Amino acid sequence: MTNITIIGSQWGDEGKGKIVDWLASRADAVVRFQGGHNAGHTLVIDGKVYKLHLLPSGIVRPGKLSIIGNGVVIDPWALVAEIATLRGQGVEITPDNLLVSENAPMILPLHGAIDRAMEAARGAQKIGTTGRGIGPAYEDKIGRRVLRICDLAHPDTLKSKIENMLMHHNAILKGLGAPTLAAEEFVASLKEIAPQILPFAGSCWQALDQAKSSGKKILFEGAQGVMLDVDHGTYPFVTSSNTIAAQAAIGSGVGADQIGYVLGITKAYTTRVGSGPFPTELTDAIGETLGQRGHEFGTTTGRKRRCGWFDAAQVRQVVKVSGIHGIALTKLDVMDTLQEIKICIGYECRGKKYDYLPASADLQAEVKPIYEAMPGWQSSLQGVRKFADLPENALKYVRRLETLIGVPAAVISTSPEREDTILVKDPFQ
Ligand code: IMP
């Protein structure tokens, strides 16, 4: 297999940045295929920190083609700002190394405003979105009224396309007694931003077809995690895109057989930002320890992440729905000080046992985890680079997780440093 698809196996923030960067350094092209600037990937290269939201991780490495696929929702102003920030850090970004899919939908300022207004209206029921307009833009895409990158090339028809989109939104605004929106204000700002976006616009599927013909290695870079998938996640506390590996094909225009080895980035414990069910959540001192030692604060919003034990029932389910071949187990070192470690192997709810997370939001809110416990290793994993050098109890923990989720750990990360990585199986081979 030449290609790799990377996805998050939990609720996002699994530590994809380090693994993606390591694999991107060996890929020819890196492709984002869903989500938008709600994502946050931190890369540390030669001591320099790069924070990416919309741009694929290959962008910081010379000679790689970075592609933003049609499955991504693109805020053109956020994209221009991110390009400027990275250029300011010395990263070269030109149409030779960045391709923006011409059929990708755009997020306009009204989508962010709707996102934030809806969250405020939900009150205690809020989803905890990033407020970036992701959901409303995807709604407009499915509603067949969104503007796409290619529309920027046709200024004469922009106004009528925006009017078509506003027909929907203005009807709602009127119903709420709020002021309606006029197409003109959007036309002017889109015409202004267009010259900064259009040089990068092109056909993603054709570029990938060419890459395939010339035997290039492609890395599909997922954002968020499978438990936030709009179909398979903890609905309605999810993001508005499909985050499973199959989306790599849909969101970039390659055949389903091209996504290659599916690597699920999996944290050795669990975290979640935003609201929604979290069966193994720890609101005690252990949760605090994991949060402190793991620096569990969001890259995009800075919010404190909720922490809990590893949920093997959930990851087992994710392995199946996403076709994961192997996992990259991250942040194992964060658990160094724990005396005892628990693993969730199933749930109990209303007198019934489950070995998977039931689909109903009502049941998801109520399920109680069934745990098994193991002794911790209580020594530092920092700098361990060979599987055999792991302390016995850490090794047993990894082996138990593999058995419970049904796939092997291909990669184990023992510190944020790039070198502190145990490679058990090379996903590119
Ligand atoms: P949205 O994607 O902004 O609509 O937010 C929907 C849910 O997904 C919220 O719970 C967010 O906290 C969560 N979410 C969105 N992007 C990320 C991410 O990159 N990491 C982790 N959670 C995310």
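Before the helices, a definition: the expected span of a helix is 1.5 Å times one less than its number of residues. Helices here (H or I, at least four residues) and strands (E, at least two) are DSSP runs, numbered from the N terminus. What you see is a predicted model, in which local features need pLDDT of at least 70 and side-chain atom pairs count only at pLDDT 80 or more, while totals for chains, interfaces and linings use all residues. Residues are numbered from 1 along each chain as its sequence is written, and side-chain values use heavy atoms, with hydrogens and water left out.

The whole chain, then. Its secondary structure comes to twelve helices and 18 strands. The radius of gyration is 22 Å, close to the 22 Å that the globule rule gives for 429 residues, so the chain is as compact as a globular protein of that length. That radius is taken over C-alpha atoms, and the rule is 2.2 Å times the number of residues to the power 0.38. Along its principal axes the C-alpha trace spans about 65 × 50 × 35 Å.

Of the 429 residues, 56% are buried. Buried means under 20% relative accessible area, exposed over 50%, and partly exposed in between, with a 1.4 Å probe and protein chains only. Contact means heavy atoms within 4.5 Å. Among contacts with a separation of 6 or more, residues 24 or more positions apart account for 75%.

Now the charges. The chain has 46 positive and 45 negative side chains, and the centres of the two sets lie 2 Å apart. Lys and Arg count as positive and Asp and Glu as negative; His and the chain ends are not counted. Each charge is placed at NZ of Lys, CZ of Arg, CG of Asp or CD of Glu.

Helix 12, residues 392–405, has 14 residues and reaches 20 Å from its first C-alpha to its last, close to the 20 Å expected at 1.5 Å a residue. Which of the residues in helix 12 are buried? They are Ala394, Tyr397, Val398, Leu401, Glu402, Leu404 and Ile405. An α-helix has 3.6 residues a turn, so residues three or four places apart point the same way. The cover over the buried residues of helix 12 includes helix 10 (312–322), strand 14 (340–349) and strand 16 (368–375). Just after helix 12, Gly406 takes a positive phi of about 90°.

Helix 2 covers residues 76–88, and its 13 residues should span 18 Å at 1.5 Å a residue, which agrees with the 18 Å between its end C-alpha atoms. Its buried residues are Pro76, Ala78, Leu79, Val80, Glu82, Ile83 and Leu86. Strand 4 (48–52), strand 5 (65–68), strand 6 (98–101) and helix 6 (183–197) are included in their cover.

Trp377 brings us back to helix 12. It sits in the loop between strand 16 and helix 12, and at 7% relative accessibility it counts as buried. Beyond its neighbours within four places in sequence, Trp377 is in contact with several residues, including Leu332, Met335, Pro391, Ala394 and Tyr397.

On to backbone geometry. Most residues other than glycine have a negative phi, and most peptide bonds are trans. Gln378, in the loop between strand 16 and helix 12, has a positive phi of about 45° and is partly exposed at 48% relative accessible area. Arg144 has a phi near 60°; it lies in the loop between helix 4 (134–142) and helix 5 (155–175) and is exposed at 77%. The peptide bond from Tyr235 to Pro236 is cis, with omega near 10°. Pro236 is in the loop between strand 8 (218–221) and helix 8 (247–250).

Last, two arginines. Where is Arg303 found? It is in the loop between helix 9 (285–293) and strand 11, partly exposed at 26% relative accessibility. Not counting residues up to four places away in sequence, Arg303 touches a set of residues that includes Gly128, Thr129, Thr130 and Gly274. Arg303 and Thr130 are 173 residues apart along the chain, and their C-alpha atoms are separated by 9.8 Å. Arg306 lies in strand 11, residues 306–308. Leaving aside neighbours within four places, its contacts include Thr270, Gly274, Ser275, Phe278 and Glu281.
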